[in-house]
Structure formats: C-alpha cells, structure tokens
Amino acid sequence: MAKLMGVVNVTPDSFSDGGLYLDPAAAVAHGQELLAAGADLLDVGGESTRPGAQPVGEAEELRRVLPVIEGLAGAAISVDTSKAAVAAAATAAGATIVNDVTALRGDPGMAPLCAEREVTVVLMHMLGEPRTMQENPVYADVVGEVRSFLGERIEFALSAGIAAERIWVDPGIGFGKTAEHNLELLRRLAELGELGHPVVIGTSRKSFIGSLDGSDARERLGGTIASTVLAAAAGAEVLRVHDVAEVRQALTLADAVLG
Ligand code: HH2
C-alpha cells in the first residue's frame, strides 16, 4: 500500500491550517495524532509555499521546526525546507528525509548536505517561485515538461552523490499549474513512474479541487480522498495529506478491492 505522509505545518500562514500548530506543543500533539491515525511518516515544515507566500528567514524557520522534530523523535520525519542550514539541523535532530520544493535549486549547499547525510530527498517540480507561480503558468505539454525536469533533477542529484535509491520525485500539484494542468498530471501520473523513482504527490485540500466545485480549503476532503486514491492506483508510493485517518480508510478499501 502507498505510504501516507502526514502534514505538520508549523506556520502562521499555510493555506489550509495556518496558525493551528505554530505552538511547538500543539504541532507535536498533532503529529502524534497523525501517527496514531496511520501516518507512515510526518512532513514537518516551517515555511508556507502557498501561492503568494512570503519567504521566511532561516533563524525563524529553524525556531519553528526544530523543537517539533525533537518532540517527535522516533517517528519517520521529513523536513519540508529549501534551506541547507535548516535541513542540516533537522537531520541532526533525526529527520531522515529532506522534502525540497525547489528540487535542490534553492540553496547550493543542499545537494552536498543531503549526499553527506545520506538522507532521502524529495525532488518536486515547481514552475517559478511561490510568490508569483500562479500568474499565468504555461506549458506546451505539462506532463512531458514535468517529467523531463524531474529527469534532469535526478541526474543532478546523482551527480552530487545522492544514491539513486534515496531519490523520490513529485510533480508539485499546484506549484505553477492551472487546475487543468493538475488534472492532466493526475490523469497521466503513471508516466512519472517511468522515471524509476518513487512518486510522491500532494493533492491534499488544494485549490484545483475547489476550482471544480467552489469549495474552501477546509471543505475539500472528498476531493482529497478521490485524488489520493486515483494517484495510488496510478502507482504513487507516497501520498502527502493533512487528513490521515480518512485517507487511510479510503486507501484500505481501494487496496482491498484492487489488491
Ligand atoms: N505541497 C505543499 C507543501 N509542500 N511538498 C511536496 N513534496 N509536495 C507537495 O505537493 C507539497 C509540498 C503545500 O501544502 P501545505 O504544506 O499544506 O501548505 P503551505 O505550503 O501553505 O504550508
């Protein structure tokens, strides 16, 4: 069965749960809840990457995520960061996965650090940067372009000394994409599996769901479940979600039917 990556956002401004877990104790308790609900790993992040988000400084990001990673010691933790210094401290505190939405393009120190620490790296596709990425994204062939970008980033990671078995890829749902681009990526997700690395996908509560029915971020559980089940059926191995218990049940059912 696909693995569930539970989201722990230690931010004031994340698009669906900003401010709920800014207090470290609340974030740790939330992480523990997600583990109890069936999360296989937890993705701890201290910087929102929602469209229009402002960047966060290194000291502030560290102040947010480190106590939470320390408080969740023993769980499988990924740190959602593009900064090498944050990844360095997080991996020293026990994180074993670095989830970098810039795919090692944001900080020149990131690739050597990940190679040296022997952590798993998530390489995600993003067109542009969060502040402006939703201003008219254009592709001739979104799936082909995402696939060739990820192929190029895999080569870069390998050349930096990151082992092939520690590289995961992610199409970056909502990162410089229209709703139709996101739907096309879901429709043809199996093509990304041909890269030969585990595919991670994060559709949870995202606005392409709302674009279909007008729902707000907190009202997108049905669309989250449908999209994660479809992604798992298309071969995605890691599903990044906020609502772990509900998605776990849906995957269990899908798995029982499809085998
Ligand atoms: N999506 C978000 C953040 N990090 N990482 C990966 N690998 N894939 C994703 O799709 C992805 C990600 C955005 O979701 P969220 O963390 O809930 O919101 P925010 O960025 O506003 O904190």
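Which pocket is the space taken by the ligand? The space that the ligand takes is the largest pocket. A pocket here is an open set of points on a 1 Å grid over the protein atoms alone, with protein on both sides within 12 Å along at least five of seven lines. A molecule sits in a pocket if more than half of its atoms lie within 2 Å of its grid points.

The model is predicted, so local features need pLDDT of at least 70 and side-chain atom pairs pLDDT 80 or more, while totals for chains, interfaces and linings use all residues. Residues are numbered from 1 along each chain as its sequence is written, and side-chain values use heavy atoms, without hydrogens and water.

Around the ligand stand 17 residues, the closest being Ser14, Ser48, Asp170, Lys206 and His242 (a heavy atom within 4 Å counts as near). This shell comprises 5 nonpolar, 7 polar and 5 charged residues, with Gly counted as polar.

Ser14 places a polar side-chain atom 2.4 Å from a ligand oxygen. Arg50 has a polar backbone atom 3.4 Å from a ligand oxygen, and for Gly202 a backbone N or O atom lies 3.4 Å from one. The protein buries 99% of the 480 Å² that the ligand exposes when taken alone (Shrake-Rupley method, 1.4 Å probe).

Side chains of opposite charge can pair when their charged atoms come close. The structure holds 18 salt bridges, each a side-chain nitrogen of Lys or Arg within 4 Å of a carboxyl oxygen of Asp or Glu. One of them joins Arg64 to Glu60, with the closest N and O atoms 2.8 Å apart. Both residues belong to helix H2 (residues 58–71), 4 residues apart, or about one turn; helices are DSSP runs (H or I) of at least four residues.

Technical notes
A polar contact is a pair of N or O atoms within 3.5 Å; within protein, one must be able to donate a hydrogen and the other to accept it, and residues adjacent in sequence count only if both atoms are side-chain atoms. On a 1 Å grid over the protein atoms alone, a cavity is a set of points where a 1.4 Å probe fits but cannot get out, and a pocket is an open set with protein on both sides within 12 Å along at least five of seven lines; lining residues have an atom within 4 Å of a point. Helices (H or I, at least four residues) and strands (E, at least two) are DSSP runs, numbered from the N terminus.
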